[in-house]
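Reader: Could you take me through this model? I would like to ask about its strands, a helix and ring contacts.

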Amino acid sequence: MGRNAGPGLAHRRPSRSAQLAKKALGIRPRTDQGADAKPRAGHLDQGRHGASRAAGSGAINWPGTLLKGRPRLREDLLFRLRRRAPHELWLVIVDASASTRRHRALSDAKGLLAQLFDDAYRQRARLALLTASGRAPNWQVQGLKASKDLRYWLDGLGAGGGTPLPQALSEAARWLEQRQRRLPAEQQRVLLITDGRLKSLPPLQPLNCPTLLLDIERGPIRLGRARELAAGLDAAYQHIDL
């Protein structure tokens, strides 16, 4: 394969952005004990992979019902189980303050976001996108299915103004709490992109959701606060250049 692959092989190798996006999507949501368990092989008992089960109501499973004989009572009916994988939500918080313009930090982070948006679209995940720049954080998307239109928004994303990151984290925590009450089965993950250049670290609380902080701080003089921020949020830490 190596001889015939040709020059196009380099383009098919995972880029740095693709690798980081894969890492971001690799943090698995916390689940209740026993939830999301994979079925194991069992002793056959009217089923290919184990004892057959039925729902209490809904669409009637006629093949399974008739295999037991002609139904005479409601108790003789088998109903189809409705199995649905829980939705996934990816909450992305982007620090787009003026300091992220330095050394192409935000520009390179946009490459990772482009890959992540593509992956979300292919996997039919839902996206929430919160930007922190200027005087206050702004929601761009709130729990909608990923769309290719996000590429146009990403192309126009620029950096400027202050760093309302503490307000963004508070807003994200409130929004997640409300959504978790409304959709308890939803699997949620958070990606926080920031250079951590804050005058001081605010009091921090974990977001009650698996979180990855991507540190985009660059330059000869670094404050290194992004790592402290990750520790305060109980988040995994990754530098964009590592």
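This is a predicted model: local features need pLDDT of at least 70, side-chain atom pairs count only at pLDDT 80 or more; totals for chains, interfaces and linings use all residues.

Reader: Is strand β2 buried or exposed?

Author: Eight of the eight residues of β2 (residues 88-95) are buried, so the strand is largely enclosed by the rest of the structure. Buried means under 20% relative accessible area, exposed over 50%, and partly exposed in between, with a 1.4 Å probe and protein chains only. Strands (E, at least two residues) and helices (H or I, at least four) are DSSP runs, numbered from the N terminus.

Reader: Which residues point which way from β2?

Author: Glu88, Trp90, Val92 and Val94 point one way, Leu89, Leu91, Ile93 and Asp95 the other way, and all are buried. In a regular strand the side chains alternate between the two faces of the sheet.

Reader: Which strands pair with β2?

Author: β2 pairs in the parallel sense over seven bridges with β5 (residues 187-194), and in the parallel sense over seven bridges with β3 (residues 126-133). Pairing requires that DSSP finds at least two bridges between two strands. Valine 94 has isoleucine 193 as its bridge partner in β5 and stands opposite threonine 131 in β3.

Reader: Turning to helix α7, which of its residues are buried?

Author: In α7 (residues 225-232), Ala226, Leu229 and Ala230 are buried. Seen down the helix axis, the buried residues fall within an arc of 100 degrees, so they line one face of α7; the arc is that of the directions from the helix axis to the C-beta atoms.

Reader: What covers them?

Author: The cover includes α6, β5, β6 (211-215) and β7 (236-239), where contact means heavy atoms within 4.5 Å.

Reader: And how many aromatic pairs are there?

Author: The structure holds one aromatic pair. Tryptophan 139 and tryptophan 175 form this tilted pair, 5.0 Å centre to centre with 45 degrees between the planes. Rings of Phe, Tyr and Trp (its six-membered ring) pair if their centres lie within 6.5 Å; planes under 30 degrees apart count as stacked, over 60 as edge-to-face and the rest as tilted.

Reader: Where do the two tryptophans sit?

Author: Tryptophan 139 is in strand β4 (residues 136-145) and tryptophan 175 in helix α6 (residues 165-182), 36 residues apart.

Notes:
Residues are numbered from 1 along each chain as its sequence is written. Side-chain values use heavy atoms; hydrogens and water are left out.
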